[in-house]
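I opened this notebook to record what I looked up in the structure.

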Amino acid sequence: MNKELQLQQLVGQLRDGMTIGIGGWGPRRKPMALVREILKSDLKDLTIVSYGGADVGMLCAAGKVKKLVFAFVSLDFIPLEPYFREARQNGELEVMEIDEGMMLLGLRAAAWGCPFIPTKIGLGTDVIRNNPDLKVIDSPYDEKEWVAMPALKLDVALIHADRADRRGVCQIKGPDLYMDDWMARAADTTIVSCEELVDSETFTDENEARFVFWERTQTQAVIEVPGGAHPSSCTPLYGFDIPHFQAYNASAKEGGFAAYFENYIQGKTEQEYQAAVGGLDAIRALPLPVY
Amino acid sequence: MMATEYSLAELMICANASAYDNDGEVLVTGIGVLPRIAASLAMLSSNPDILMTDSESWLLSEPNPVGNRPADFKQKNETWMGFSRIFDNVWSGKRHLTGGPTQIDRFAQANISALGSDYKKPKVQMLGVRGFPGNSICHANSYLVPAHSSRVFVEGECDVVCTIGYNPERLPKGYDFDEIDVRQVYTNLGVFDFRGPNRQMQIVSLHPGVTVEEVQENTGFPVHIPENIPTTAAPTEAQLELIHRIDPQNLRAKQLKDNPPGVRS
């Protein structure tokens with residue numbers, strides 16, 4: 001089955017009001033080219049589930065987000081994401097703020113077809129008080145109460161991988177796959193952008209197949225977008241773009257997101273975006289982060 | 001040999017490092033420059049059984065120095081440890097974390113999420129609760145506060161309670177507060193814990209020249225004052241040497257306002 005799509009076909013796969021999970025972590029391996037397509041579209045009222053970085057900030061700033069399921073939104077070296085912050089401080093967002101691990105459990109519950117997974121995480125905190133829909137239940141096996149972390153069922157997961165073949169075999173060779181495998185499994189439809197579309201032969205080598213973390217049944221579409229994680233990182237291919245993030249962060253104080261959007265995204269193809277940020281070679285030359 | 005000249009940051013690092021002396025074989029995570037140096041110092045001295053990560057995806061047999069490293073630097077990996085596996089570790093309880101919350105209240109509850117009384121429209125949105133709820137109910141936690149003030153040690157409850165602490169009104173059914181392991185708090189004024197009467201925050205030691213009055217004036221709730229209050233132990237020359245090795249670019253000098261000396265002049 002050939003699952004290859006072109007980037008401009010992405011939005012046709014999405015609908016207003018969908019729940020969309022976004023892979024990656026903070027400023028790391030975010031499917032930003034896919035996010036930019038959403039920013040340019042008329043899509044609205046989305047529920048976003050993300051270990052958030054600029055993906056969340058930009059979608060909030062563009063008014064695409066009705067509800068955000070999050071544990072944090074951060075660019076790491078810039079701890080506070082400027083546009084997420086603005087959206088929250090303006091009272092614009094409906095939120096489900098949960099612990100990082102609870103999000104993982106919610107994705108697993110969705111992947112496994114369970115309505116919830118019991119956990120002690122969140123007990124005694126405002127996670128319970130601020131999420132009245134989050135139920136605390138008795139255990140059939142002990143005297144303690146437990147949080148029933150509900151399944152976070154996704155209509156769509158958006159993920160950026162290193163390589164994929166047209167059947168949807170996706171490879172992540174970076175040091176961490178984050179929760180991308182669970183995002184893929186929790187979603188009805190998983191759409192993966194990748195640095196490179198490769199022949200299926202590539203995975204014959206077990207040292208390549210070992211870096212495939214979910215089966216192709218969990219991937220419904222693949223889109224080749226070299227550099228498509230920019231300005232987030234795609235280790236080991238490129239680091240995150242520190243000057244770009246700094247300019248993005250500064251834009252919140254001067255000009256606002258409209259100015260950033262106009263400079264880099266509005267009316268531009270991904271190729272034009274990349275030209276505006278220095279070109280693919282410059283992206284691929286971005287130094288890897290040191291933690 | 002005790003050092004005679006050291007910075008307050010170095011004193012706080014050594015105090016924080018001592019948190020892990022008796023932890024045995026647990027994952028230690030120090031969030032931020034000073035806690036990370038402290039965790040590394042402990043692993044290189046008082047507790048070599050500690051596990052530490054590279055803050056990315058590997059467990060290390062020897063901590064990485066902080067800051068930029070030479071191009072030929074090779075870190076000593078021992079185990080792959082991606083983020084999903086961090087949760088497996090957290091939930092096992094075999095971890096001790098030192099974090100740096102923006103607010104801590106009298107119940108030892110901490111906040112890194114948001115400030116303000118209206119949760120729907122926070123005055124200041126910060127990070128979000130991150131992993132704090134899970135950390136607090138699963139394993140040991142300490143905190144490091146660079147500027148001890150009543151803005152951090154707040155009068156009421158934290159604006160967003162991100163961790164389970166010792167508030168009786170929030171005790172979950174079937175739980176005992178003995179299961180909640182808030183260890184110590186390291187500030188620019190002293191070392192504290194929540195083992196005073198009724199789990200009240202108390203002074204464990206004060207840094208050289210700091211008075212009880214100064215602590216109370218800068219804390220939004222009453223602090224328990226034990227009869228004997230030692231002075232925080234000065235770093236040893238050997239500790240300072242290790243700290244220099246862990247932090248060759250002296251990032252620690254930029255963590256406290258004006259990088260004050262450990263012994264007030």
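What percentage of the 291 residues of chain A count as buried? I looked this up before anything else in the predicted model, and the share is 54%.

Overall form of chain A. I noted eleven helices and eleven strands in chain A. Its radius of gyration is 19 Å, close to the 19 Å that the globule rule gives for 291 residues, so I recorded chain A as being as compact as a globular protein of that length.

Contacts in chain A. I considered the contacts with a separation of 6 or more, and 75% of them join residues 24 or more positions apart.

Sheet in chain B. I then turned to chain B and traced an open sheet of six strands, in the order β1-β5-β10-β11-β12-β13, with mixed pairing. Which strands form its edges? I found β1 (27-30) and β13 (202-206) of chain B there, each pairing on one side only. Neighbouring strands of this sheet are turned against each other by 15 degrees on average, with direction ignored.

Within the sheet. I followed β10 (residues 140-145) and β11 (residues 182-187) of chain B, which pair in the parallel sense over four bridges. Tyr143(B) has Val185(B), in β11(B), as its bridge partner.

Helix against the sheet. My last entry concerns helix α2 (residues 33-44) of chain B, which lies across β1, β5 (95-99) and β10 of that chain. I noted that helix α2 runs at about 150 degrees to β1(B).

Conventions: Residues are numbered from 1 along each chain as its sequence is written. Chains are lettered from A and ligands numbered from 1 in the order in which they are written. This is a predicted model: local features need pLDDT of at least 70, side-chain atom pairs count only at pLDDT 80 or more; totals for chains, interfaces and linings use all residues. Helices (H or I, at least four residues) and strands (E, at least two) are DSSP runs, numbered from the N terminus. The radius of gyration is taken over C-alpha atoms; the globule rule is 2.2 Å times the number of residues to the power 0.38. A residue is buried if 20 or more other C-beta atoms lie within 10 Å of its own, exposed if 12 or fewer, and partly exposed in between; C-beta atoms are placed from the backbone. Two residues are in contact if their C-beta atoms, placed from the backbone, lie within 7 Å. Two strands pair if DSSP finds at least two bridges between them. Axes are lines fitted to C-alpha atoms, for helices over the stretch in contact, and angles run from 0 to 180 degrees between N-to-C directions.
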